[in-house]
Amino acid sequence: MDSVDGLRDRLRDFAAARDWEQYHTPKNLAMALSGEAGELVAELQWVDDAGAVAGLAEGGLKDRLADEAADVLLYLIRLTDVCGIDLVEAANAKIDRNETRFPPTA
């Protein structure tokens, strides 16, 4: 699956097969998303910039960050699906607003 829609559909099927929809309320999903974002941050919490570069080069840190970033993305996709939000549309609308709020400097 290489699209947001494909991931969304796969997550829907995954949750349905396990009867997890009952737990996938906006509040629960937002809380889970927050927890996963915290786990992502924790991987870098006590690492200085040089250590992060070295950890990414050797692979261990990169693998852990990939796992945590995937968790964040999956919960975000599931949350927006349950809330009826088109994530790509919302992201593009946000960029449009930010282009107005933060014009480029010359």
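How are α1 and α4 oriented to each other, roughly parallel or roughly perpendicular? What we have here is a predicted model, so everything I say is computed from it.

Let me start with the annotation. An unreviewed UniProt entry puts a feature called "domain: NTP pyrophosphohydrolase MazG-like" at residues 25-103. In our model that span is 82% helix and 0% strand, and its end C-alpha atoms sit 37 Å apart.

Okay, back to the helices. The axes of α1 and α4 come within 10 Å and cross at roughly 80°. Anything from 65 to 115 degrees counts as roughly perpendicular, and therefore that's what we call this pair.

So who touches whom? On the α1 side you've got V4, L7, R8, L11, R12 and A15, and they meet L73, L74, I77, R78 and D81 in α4. By type, that contact splits into seven nonpolar residues, four charged and no polar ones.

Which elements give two or more residues to its lining? Those are α1 (4-17), α2 (26-42) and α4 (60-82). The largest share, four residues, comes from α4.

There are 13 lining residues in total, and if you go looking for the ones nearest the centre, click on L11, W20, H24, L29 and Y75. Nine of the lining residues are nonpolar, two are polar and two are charged.

One last thing to look at on screen: L11 is among the α1 residues that meet α4, and L11 is also one of those nearest the pocket centre.

Definitions and conventions:
Residues are numbered from 1 along each chain as its sequence is written. This is a predicted model: local features need pLDDT of at least 70, side-chain atom pairs count only at pLDDT 80 or more; totals for chains, interfaces and linings use all residues. Side-chain values use heavy atoms; hydrogens and water are left out. UniProt positions are given in the numbering used here, feature names are shortened, and annotations may be inferred rather than shown by experiment. On a 1 Å grid over the protein atoms alone, a cavity is a set of points where a 1.4 Å probe fits but cannot get out, and a pocket is an open set with protein on both sides within 12 Å along at least five of seven lines; lining residues have an atom within 4 Å of a point. Ala, Val, Leu, Ile, Met, Phe, Trp, Tyr, Cys and Pro count as nonpolar, Asp, Glu, Lys and Arg as charged, and the others, Gly among them, as polar. Axes are lines fitted to C-alpha atoms, for helices over the stretch in contact, and angles run from 0 to 180 degrees between N-to-C directions. Angles under 35 degrees count as roughly parallel, over 145 as roughly antiparallel, 65 to 115 as roughly perpendicular and the rest as oblique. Contact means heavy atoms within 4.5 Å.
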